[in-house]
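Please look through the sequence and the model shown below before reading on.

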Amino acid sequence: MVTSKPIQYQQILSRSKELGFDMVSDESTGTLLRSLVTSKPSANILELGTGTCLALSWILSGMDNDSKVTSVDNDERLLRVAKEFLGSDERVKLICKDGKDWIDQYKGRSFDLIFADTWPGKYSELPALLDLLEVGGLYIIDDMLPQPNWPEGHDKSVENLLDTLEKRDDLNLSKIEWSTGIVIASKKY
């Protein structure tokens, strides 16, 4: 099966390799993000961990014209790639800030979909982030299966995160052993 990729996909992937950035989201995760985003018209979307914006390109390719996405990363070098390839899209807002600080300071509209692809919002600040998720909204994380770039002991962090999510009574949770290991949680009504 051939899947059409976002227009900028190859350029972003090439630039990521030039920078030595090897933590890009895989293609399967990207296609899933695009499908889930498409199910949320006129959405307010959050991505924590822009990286070199490969996942963001998939998100934008699934968004309608009335949706907006905010993408936060603390690495200006990586955000320059996002600004170069996606910065002219009026639906995207790129923010260079520590994820914890951004979560703590955010006072805007709740989010219909959150893709947390960095430490804050996954392994720290989780309750505060989930408070920003709209009822019926989706919280998505990846890299829940062992990855070659995991630091020693990270498997315990993943185990604790999954245990925390499973104990919450305000979420319906799906753990999917596919791609890099995906978790999709929907906030209950």
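**Briefing on the predicted model**

Leaving aside its neighbours within four places in sequence, Ser57 is in contact (heavy atoms within 4.5 Å) with Pro6, Gln8, Ile12 and Leu86. This is a predicted model, in which local features need pLDDT of at least 70 and side-chain atom pairs count only at pLDDT 80 or more, while totals for chains, interfaces and linings use all residues. Residues are numbered from 1 along each chain as its sequence is written, and side-chain values use heavy atoms, with hydrogens and water left out.

**Single residues**

- Ser57 has its place in helix α3, where helices are DSSP runs of H or I with at least four residues, strands are DSSP runs of E with at least two, and both are numbered from the N terminus.
- With a relative accessible area of 2%, Ser57 is buried; buried means under 20% relative accessible area, exposed means over 50%, and partly exposed lies in between, for a 1.4 Å probe and protein chains only.
- Ala128 belongs to helix α6, which covers residues 126–131, and is partly exposed at a relative accessible area of 32%.
- Although Ala128 and Ile103 are 25 residues apart in sequence, their C-alpha atoms are 7.0 Å apart in space.
- Ser42, in the loop between α2 (27–38) and β1, has a phi near 50 degrees, which is a positive value in a residue other than glycine, and Ser42 is partly exposed, with a relative accessible area of 38%.

**The sheet**

- Seven strands form an open sheet with mixed pairing, in the order β3-β2-β1-β4-β5-β7-β6, where two strands pair if DSSP finds at least two bridges between them.
- The edge strands, each of which pairs on one side only, are β3 (92–96) and β6 (171–176).
- On average, neighbouring strands of this sheet are turned by 15 degrees against each other, with direction ignored; axes are lines fitted to C-alpha atoms, for helices over the stretch in contact, and angles run from 0 to 180 degrees between N-to-C directions.
- Strand β1 (residues 44–48) runs parallel to strand β2 (residues 68–73), and five bridges join them; Asn44 stands opposite Lys68 in β2, and Glu47 has Ser71 of β2 as its bridge partner.
- Strand β2 is mostly covered, as five of its six residues are buried.
- Helix α7 (residues 154–167) lies across β5 (133–141), β6 and β7 (182–187), and runs at about 145 degrees to β6.

**The largest pocket**

- The largest pocket holds about 790 Å³ of space.
- Among the 38 residues that line the largest pocket, the closest to its centre are Met23, Asp117, Thr118, Trp119 and Asp143; on a 1 Å grid over the protein atoms alone, a pocket is an open set of points where a 1.4 Å probe fits, with protein on both sides within 12 Å along at least five of seven lines, and lining residues have an atom within 4 Å of a point.
- Grid points are joined across faces, edges and corners, and the volume is the space filled by probe spheres set on the points.
- Both α3 (54–62) and β2 supply at least two residues each to the lining of the largest pocket.

**The cysteines**

- Zero disulfides are found in a search of the whole structure, a disulfide being a pair of cysteine sulfur atoms within 2.5 Å.
- The sulfur of Cys53 has its closest cysteine sulfur in Cys96, 14 Å away, which is too far for a bond.
- Cys53 is buried at 0% relative accessibility, whereas Cys96 is partly exposed, with a relative accessible area of 37%.
- Cys53 is found in the loop between β1 and α3, and its phi near 80 degrees is a positive value in a residue other than glycine.
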